[in-house]
Structure formats: structure tokens, C-alpha cells
Amino acid sequence: MARSGVSSFHAWWQDWPSNEPIVDVAVTIEVVTPPAVDKLYFWALQASFSDGRRGYGAAHLGLQWNPLHPGLTAVNWGGYGDPSVTSSVLSGSRSTLPSRPNDENTRDYPWRAGVPYTLRIQRAADGWAGSVTDGSSGVTHEVRRLFAGGERLTSPIVWAEVFAGCSDPPTEVRWSSLTVVTASGQALGPQRLRLTFPADGCPNTDTVVDVGGVRSLTNVTRTGRDGAVVVAPPR
């Protein structure tokens with residue numbers, strides 16, 4: 001099956017019941033069916049930084065299936081001061097996690113299929129912290145901090161980027177507990193999600209929303225529609 005470039009597909013969070021600024025976003029990810037090929041897969045929570053008047057870029061925090069890292073498992077926290085300019089990579093703190101290829105943004109992380117991991121982006125004194133919590137052990141690792149401005153988060157989204165072939169074996173990731181935290185401490189979930197499927201990727205990726213969460217799938221018959229707005233799963 002022909003394809004061009006990376007296959008990316010997204011679920012944009014919309015309509016939580018508060019107008020307060022968001023200072024924290026989190027989601028739980030579980031790799032249900034891991035990749036079977038040595039190619040890059042990236043599943044991430046993304047948010048943009050703002051002070052309410054202007055933006056300070058955006059960044060993504062997620063798990064990777066990455067042939068450059070031990071066991072092909074890694075975690076990434078990185079982004080851009082201007083998402084339209086690839087040279088505007090955000091600087092950040094030095095991670096305490098190792099990285100075999102010495103990549104500042106992508107660190108070795110031994111995630112396992114079938115285990116839930118909580119990804120969290122939150123304001124820190126010197127920028128924005130990205131952390132991952134192992135649901136089986138309860139251990140949290142702060143991946144690093146990104147030195148971006150702003151005091152609130154906007155445009156949260158979960159997405160998958162797949163650098164494998166369209167006919168490579170199917171994979172499945174489940175997202176659950178989609179959460180935004182407001183400045184007053186309210187923890188809320190989005191009421192709706194907007195699905196997008198860029199036209200230049202594989203036509204057999206899909207995003208399925210059910211009571212258990214949001215499923216990102218490869219090598220399946222697509223049931224979602226680009227631009228469709230669907231009811232979000234309960235938080």
C-alpha cells in the first residue's frame with residue numbers, strides 16, 4: 001500500500017466546562033499492541049504555551065518505539081518556540097534519564113506494553129516540566145524542563161506519528177483520563193474531541209473513541225472522518 005512521508009493522526013481536546021487558564025494537562029497512555037518492526041512510532045500529549053496575549057511555542061511529551069534506544073523504548077519531551085520553524089527548538093534542562101544516542105529531547109525509558117503510564121505537562125519555576133509515571137510501580141520521572149515562556153497551556157491534543165509502512169503489522173495505543181487542571185485547581189476533562197487525519201499518510205490509520213478511552217490504531221479499516229467532532233470519553 002502506497003504512502004508518502006510520516007503518518008500522523010490526532011485528537012484535539014475541546015470544550016471543558018471552565019474559562020479559567022489551564023496550568024496542567026495529563027493523560028494516561030497504554031500501548032496495547034506494540035510495534036513489530038524496528039521503525040519509529042511516537043505517541044504524544046501536546047500543548048501550547050501562552051500568557052493569554054501571545055504564544056511561546058508548543059511541545060510534545062510521549063512514548064516512543066525508537067530503534068536508537070535500548071529495547072526500542074524511549075520517552076520524549078521537546079518542542080519549538082515557533083511550531084512552523086523547525087530551527088526554533090526549545091532549550092531545556094539536562095535530563096537525569098540516560099540517552100544512548102545522547103539526544104537532549106529523547107531519553108531511554110523502559111516502558112512496557114500493557115502498563116498504563118501517565119504523561120503530565122505542568123508549570124515549573126523555570127519553565128514547563130514534562131513527567132511520566134509508571135502505573136505499575138507508581139514511580140514518576142521528570143523527563144526534563146523546557147525553558148518556554150507563558151503561564152498557561154492551550155490547545156491540548158494527543159496524537160500518533162508513525163514512520164512505518166502502511167502494511168506493517170497493526171498497533172494499538174489507548175489514551176484515557178484526559179485531564180486539564182485550571183488555575184484554581186479544578187481537574188476537568190474535555191467534552192468533545194476533533195479528529196484529524198492528514199491526507200499524505202497511510203489511509204488505514206484510525207482514531208476510535210469509546211467509553212474506555214481514545215484508541216490510536218494502525219493497519220485497520222478507518223472509521224473516523226477527518227474533521228469529525230465526537231463526544232470525549234469520561235475522565
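Strand β4 (residues 55–65) runs antiparallel to β5, and eight bridges pair them. Two strands count as paired if DSSP finds at least two bridges between them. Helices (H or I, at least four residues) and strands (E, at least two) are DSSP runs, numbered from the N terminus. Look along this pairing: Leu61 stands opposite Trp77 in β5.

This is a predicted model, where local features need pLDDT of at least 70, side-chain atom pairs count only at pLDDT 80 or more, and totals for chains, interfaces and linings use all residues. Residues are numbered from 1 along each chain as its sequence is written, and side-chain values use heavy atoms, leaving out hydrogens and water.

Now turn to the pairing of β5 with strand β6 (residues 106–108). It is also antiparallel, over three bridges. Here Val75 stands opposite Arg107 in β6.

Why is β5 largely enclosed by the rest of the structure? Seven of the eight residues of this strand (residues 73–80) are buried, so the rest of the structure largely encloses it. Buried means under 20% relative accessible area, exposed over 50%, and partly exposed in between (1.4 Å probe, protein chains only).

Next, the cysteines. A disulfide is a covalent bond between the sulfur atoms of two cysteines. The rule used here asks for a pair of cysteine sulfur atoms within 2.5 Å. By this rule there is one disulfide. Cys166 is joined to Cys202, S to S 2.1 Å. The pair links distant parts of the chain, 36 residues apart. Cys166 sits in the loop between β10 (152–162) and β11 (172–182). Cys202 sits in the loop between β13 (192–196) and β14 (206–210). Both cysteines, Cys166 and Cys202, are buried.
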